[in-house]
Amino acid sequence: MGGGVFYHIFSSAALVSLALYHLISATTTYLKSPLAYVAKPYHPVSSSHRFKYLQLYLLITCLLIAFAHQTLISSDSDPLLKGSTPVHRFTSLQSAAVLFLFLILSLSLLISDATSLLPLPSDLFFALASAVFFLQSSSSASSASVQTSDLQAKCDSVSAQISALAALLCLILACQPRMFVADVGLGGAVCLQGLWMLQTGLSLYVDAFIPDGCHKLLDVVSGVEGSTKCELEDSRLRAVAILDLVFVVHAMFVVLIVMVTYGVAAKTYGVRRLGGSYEALPIAASSPAESSSNHIQMKALTGTQA
């Protein structure tokens, strides 16, 4: 295994951790107070100032590492791309630019919450995040269009679709910040992207996970952009079908994670049903004298009506 698979594992761990924390925090916040729920760009780890911004610090660190990696690999040559080496350089730099935008967004969120220099409302943040996710989707689709490696093109295409879904959910939250379903969906989309990053690394760089009929090209140094190719058309179609099946499995796993997260949180904090059902209102205990007085008044009212 080379550096490519380790980068994908690192990216997968970062995305899945971020998504799980967001799902748990959003679900518990909603269950505690459904009527007052508003989607938040991030949830503080604790009330202590020392650990309050720990999530943002870790996110910024991971984005810096990813940005540095994409910038460095832009200088590698890749014979699997249509055209020449500059095509790979431009696609890598495009990915690095998108990561840089995510980094700026995270830094602005930290500055906005920690200081008064840059007041950034949540709806504006979600709108900007939607635009960056859309750019990420466009970047992945562009990368897939220039690949001659069938597996790499398929992986990039699926990643582009997941990013487009995240962009749509962020846009919905910018317009409807109280929509809990969209907030949970965003966490699920990020989790799915993380799992797909792991699957991409395994399918392109680990021999045990490469579909039958496909193989790594031994003459490609360091395997940039996934040096995996399927020689026969049947092998290519079979590999694409396997990736489609694996994607469905990952999607089912994300749905299971969301259901388990909500179930555990509901068991811990309770459920307040809204929309069509009613909560039992607390009834204050009345004294015997008040009960007797109410009973006499009811009898008098009944006699009057008769």
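Q: How many helices and strands are there in the protein chain?
A: The model is predicted. Read along the sequence, the protein chain follows the pattern α-α-α-α-α-α-β-β-α-α. The count for the protein chain is eight helices and two strands.

Q: What percentage of the residues of the protein chain count as buried?
A: A residue is buried when its relative accessible area is under 20%. The protein chain has 306 residues. The part of them that counts as buried is 41%.

Q: Where does UniProt place the feature "transmembrane region"?
A: The annotation comes from an unreviewed UniProt entry. The entry places the feature at residues 6-24, 56-73, 93-112, 124-146, 158-175, 180-198 and 241-265.

Q: How far apart do the end C-alpha atoms of residues 93-112 lie?
A: Residues 93-112 are among the spans that UniProt lists as "transmembrane region". In the model this span is 100% helix and 0% strand. Its end C-alpha atoms are separated by 28 Å.

Q: How far apart do the end C-alpha atoms of residues 158-175 lie?
A: UniProt also includes residues 158-175 under "transmembrane region". The span is 100% helix, with 0% strand. The distance between its end C-alpha atoms is 26 Å.

Q: Are H4 and H5 roughly parallel or roughly antiparallel to each other?
A: Helix H4 covers residues 122-145 and helix H5 covers residues 150-175. Their axes lie 7 Å apart and the packing angle is about 165°. Angles over 145 degrees count as roughly antiparallel. H4 and H5 are therefore roughly antiparallel.

Q: What is the handedness of the crossing of H4 and H5, and how many nonpolar residues does the contact have?
A: H4 and H5 make a left-handed crossing. By class, their contact includes eight polar and two charged residues. The number of nonpolar residues in the contact of H4 with H5 is 16.

Q: What is the orientation of H5 to H6?
A: The axes of H5 and H6 are 9 Å apart, and the two helices pack at an angle of about 165°. The cut-off for roughly antiparallel is an angle over 145 degrees. That makes the orientation of H5 to H6 roughly antiparallel.

Q: How many charged residues are in the contact of H5 with H6?
A: H5 passes H6 in a left-handed crossing. The residues of this contact include 16 nonpolar and seven polar. The charged class in the contact of H5 with H6 has one.

Q: Which handedness does the crossing of H6 and H7 have, and why are the two helices oblique to each other?
A: The axes of H6 and H7 come within 9 Å and cross at roughly 140°. Angles over 145 degrees would count as roughly antiparallel and 65 to 115 as roughly perpendicular, with oblique for values between those ranges. H6 and H7 are therefore oblique to each other. Their crossing is right-handed.

Q: Is the pair of Tyr30 and Phe180 stacked or tilted?
A: A search of the whole structure finds nine aromatic pairs. In one of them, the ring centres of Tyr30 and Phe180 are 4.1 Å apart and the planes are at 10°. Planes under 30 degrees apart count as stacked. The pair of Tyr30 and Phe180 is therefore stacked.

Q: How many residues apart are Tyr30 and Phe180?
A: Tyr30 belongs to helix H1 (residues 3-32) and Phe180 to helix H6 (residues 180-205). Tyr30 is buried at a relative accessible area of 19%, and Phe180 is buried at 13%. The pair links distant parts of the chain, with a separation of 150 residues.

Q: Is the pair of Phe180 and Tyr262 stacked or tilted?
A: The ring centres of Phe180 and Tyr262 are 6.4 Å apart, and their planes are at 50°.

Q: Which residues form one aromatic cluster with Phe180?
A: Phe180 in helix H6 pairs with Tyr262 in helix H7 (residues 233-269), 82 residues apart. Tyr262 is partly exposed, with 30% relative accessibility. The residues that form one aromatic cluster with Phe180 are Tyr30, Tyr37 and Tyr262.

Q: How far apart in space are Gln94 and Ser143?
A: Gln94 lies in helix H3 (residues 85-114) and is partly exposed at 31% relative accessible area. Gln94 and Ser143 are 49 residues apart in sequence. Their C-alpha to C-alpha distance is 9.4 Å.

Terms used:
Residues are numbered from 1 along each chain as its sequence is written. This is a predicted model: local features need pLDDT of at least 70, side-chain atom pairs count only at pLDDT 80 or more; totals for chains, interfaces and linings use all residues. Side-chain values use heavy atoms; hydrogens and water are left out. Axes are lines fitted to C-alpha atoms, for helices over the stretch in contact, and angles run from 0 to 180 degrees between N-to-C directions. Helices (H or I, at least four residues) and strands (E, at least two) are DSSP runs, numbered from the N terminus. Angles under 35 degrees count as roughly parallel, over 145 as roughly antiparallel, 65 to 115 as roughly perpendicular and the rest as oblique. A crossing is left-handed if the near helix is turned anticlockwise from the far one by less than a right angle, and right-handed if clockwise. Ala, Val, Leu, Ile, Met, Phe, Trp, Tyr, Cys and Pro count as nonpolar, Asp, Glu, Lys and Arg as charged, and the others, Gly among them, as polar. UniProt positions are given in the numbering used here, feature names are shortened, and annotations may be inferred rather than shown by experiment. Rings of Phe, Tyr and Trp (its six-membered ring) pair if their centres lie within 6.5 Å; planes under 30 degrees apart count as stacked, over 60 as edge-to-face and the rest as tilted. Buried means under 20% relative accessible area, exposed over 50%, partly exposed in between (1.4 Å probe, protein chains only).
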